[in-house]
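I opened my notebook to look up a few places in this structure, one after another.

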Amino acid sequence: MKPLAGLALVVGCSTAKPVAPPVAAAKAPVTPTFTLSSVALPGGSADGIGMDYLLFDPRTKSVWVPAGNTGSVDVIDTETGKIARIEGFATRELERRGQKRTVGPSSAALGDTGTVYVGNRGDASVCAVDEVKLVKGTCGMLDSAPDGIAYVASTKEVWVTTPRDNSIRILDATTLVQKQKLEFPGNPEGFAVDAKRNRFYTNLEDKDVTLAIDLASHATVATWKPSCGEDGPHGLHLVEADGFLLVACSAKIETLDAGHDGAVLGTIATGDGVDDFDYAVDSRRVYVGASEAATLTVATLDAKGALAANATLPIAKGSHNGVVDAAGRVYLAHGRGSEIVVATPGQ
């Protein structure tokens with residue numbers, strides 16, 4: 001990793017006044033310091049590397065980076081910083097709004113032990129990859145490009161959002177053969193699986209709504225309004241034990257009461273350019289990269305669903321879709337620089 005900068009950020013402090021009998025003053029919370037560094041990815045062109053969803057695999061302590069136009073998935077060992085490449089994924093050139101770009105692998109999702117699923121826009125495939133051997137195995141082909149992927153352990157299925165035709169595809173997790181296509185009146189964006197409530201959550205980005213879908217019947221059982229505005233809602237993360245659903249709008253994160261009526265319980269401004277984000281269960285911290293604002297917001301979620309900012313860290317413009325590892329390091333895709341930006345907390 002090459003160092004970029006160091007920054008000390010104050011999370012907060014408190015001091016207890018002595019009372020009778022005298023007691024020691026309460027210790028202020030430790031002020032965290034974040035050091036920025038980067039991991040250069042191989043195969044970058046003058047246009048950079050197209051990246052979307054990243055994945056932290058806690059079983060192998062690695063970050064998976066579907067590196068789009070390079071036709072590979074780069075796997076970063078979070079303890080050594082070394083990169084292993086899984087090559088041979090299909091790519092294709094698209095033209096959109098008069099501009100050409102090459103697409104390829106774009107998403108990764110954790111499956112049962114031993115398996116990571118990779119979605120590829122290059123050939124509209126979803127492939128199972130051995131998370132240790134880093135070898136591609138069974139692949140399933142779709143008739144629409146995959147976006148987000150989620151593994152549903154209770155049903156041994158892989159759910160894939162395919163927003164280009166307003167649908168979600170349900171695949172058998174072993175064969176990756178499509179079992180069913182669920183159609184919607186809008187573009188599915190974002191994903192979260194709720195094993196406790198037997199639900200799958202997604203947004204209809206162009207309708208500014210969040211849906212709860214029953215995993216067994218596949219019926220939409222709730223429709224909520226996060227009020228993100230014209231850009232609509234994007235990424236989702238579930239806090240399953242509390243019944244909270246964290247929703248990313250373009251410039252804020254909201255907490256919805258998924259355990260009850262979907263009411264907004266908390267919100268925090270993040271700066272513009274938010275797509276996906278991450279949440280650490282143990283620390284109850286939310287990590288949000290805003291690509292346009294060029295900031296990483298670190299916030300805490302309380303037991304009532306309220307969000308409070310701990311720190312705001314300047315990062316390279318265009319950095320987004322961060323994932324956090326077990327040590328609290330945040331890895332963000334920075335496609336323009338053909339790199340992963342890493343924010344490492346101090347001791």
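In which strand does arginine 96 lie? I found arginine 96 in strand S7, which covers residues 92-96; strands here are DSSP runs of E with at least two residues, numbered from the N terminus.

I noted that this is a predicted model, in which local features need pLDDT of at least 70 and side-chain atom pairs count only at pLDDT 80 or more, while totals for chains, interfaces and linings use all residues. Residues are numbered from 1 along each chain as its sequence is written, and side-chain values use heavy atoms, with hydrogens and water left out.

Next I looked up how open arginine 96 is: its relative accessibility is 34%, so it counts as partly exposed (buried is under 20% relative accessible area, exposed over 50%, partly exposed in between, with a 1.4 Å probe and protein chains only).

Then I turned to aromatic rings, which pair if the centres of Phe, Tyr or Trp rings (for Trp the six-membered ring) lie within 6.5 Å, with planes under 30 degrees apart counted as stacked, over 60 as edge-to-face and the rest as tilted. By this rule I have four aromatic pairs. In one of them, tyrosine 117 and tyrosine 151 have ring centres 6.1 Å apart and planes at 25 degrees, so the pair is stacked. Because tyrosine 117 lies in strand S10 (residues 115-120) and tyrosine 151 in strand S13 (residues 149-152), the pair ties together parts that are 34 residues apart in sequence. Both tyrosine 117 and tyrosine 151 are buried.

Last, I checked glycine 266, which is in strand S24 (residues 264-269) and counts as buried because its relative accessibility is 8%.

How values were computed:
Helices (H or I, at least four residues) and strands (E, at least two) are DSSP runs, numbered from the N terminus.
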